[in-house]
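Visitor: Could you walk me through some side-chain contacts here? I would like to start with the charged ones.

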Amino acid sequence: RWATRLLREDANRQALRLRRQELLLEHELEACSALSALVRQFLPTYHFPAMDWERACNEIAYDFAKLDAALSDFLARHAAVLPEETLALIGECIGLSREHRFKITTPEVPPTANKAAAALYEKLWQAEKELLKVLHA
């Protein structure tokens with residue numbers, strides 16, 4: 001009886017642990033899908049065949065306010081399941097968008113905002129890559 005009870009308790013603990021892992025994986029997958037969609041939502045679109053990288057970064061810079069809101073919302077929904085590296089990268093993206101969004105006061109994007117947009121773009125891709133790495137581990 002004693003051994004049977006111990007085995008049953010151990011089986012219950014194992015089942016609970018597996019259910020928690022399953023829920024965590026489900027939430028990580030949801031977060032990864034949401035981040036992938038967000039990254040693609042803000043990819044610059046090509047308006048003409050010879051569009052250069054600087055012009056693409058200008059498009060990202062024009063969206064700093066939208067990016068800030070979207071990334072903040074993403075963190076509010078998914079921060080609990082994100083790995084530290086991904087959290088840090090998204091935090092840096094939010095910081096870049098907040099720091100540089102008010103520097104765009106004319107149709108021309110200042111060089112500092114353009115460089116910030118390029119850095120933000122790279123960090124978003126890196127965040128997605130890190131999250132996918134954790135998900136596939």
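Visitor: What do the side chains of Asp10 and Arg13 do?
Guide: In this predicted model, they meet in a salt bridge, at 3.8 Å from N to O. Both residues lie in helix H1 (residues 2-41), three residues apart, about one turn of the helix.

Visitor: How many salt bridges does the structure hold?
Guide: The structure holds nine salt bridges. One of them joins Lys133 and Glu130, with the closest N and O atoms 3.2 Å apart. Glu130 is buried, because its relative accessible area of 13% is under 20%.

Visitor: Which residues do shared partners join into one network?
Guide: Asp68, Arg98 and Arg101 are joined in that way by salt bridges.

Visitor: New topic: how many aromatic pairs are there?
Guide: The count is two. Trp53 and Tyr121 form an edge-to-face pair, 5.1 Å centre to centre, with 70 degrees between the planes. Trp53 lies in helix H2 (residues 53-62) and Tyr121 in helix H5 (residues 111-136), so this pair ties together parts that are 68 residues apart in sequence.

Visitor: What about Tyr121 and Trp125?
Guide: They form an edge-to-face pair too, 6.2 Å centre to centre. Trp53, Tyr121 and Trp125 form one aromatic cluster.

Notes: Residues numbered from 1 in each chain as written. Predicted model: local features only at pLDDT ≥ 70, side-chain atom pairs only at ≥ 80, totals over all residues. Heavy atoms only, no water. Phe/Tyr/Trp six-rings, centres within 6.5 Å; stacked < 30°, edge-to-face > 60°. Helix = DSSP H or I, 4+ residues; strand = E, 2+ residues; numbered from the N terminus. Salt bridge = Lys/Arg side-chain N within 4 Å of Asp/Glu carboxyl O. Buried < 20%, exposed > 50% of the residue type's maximum accessible area, 1.4 Å probe, protein only.
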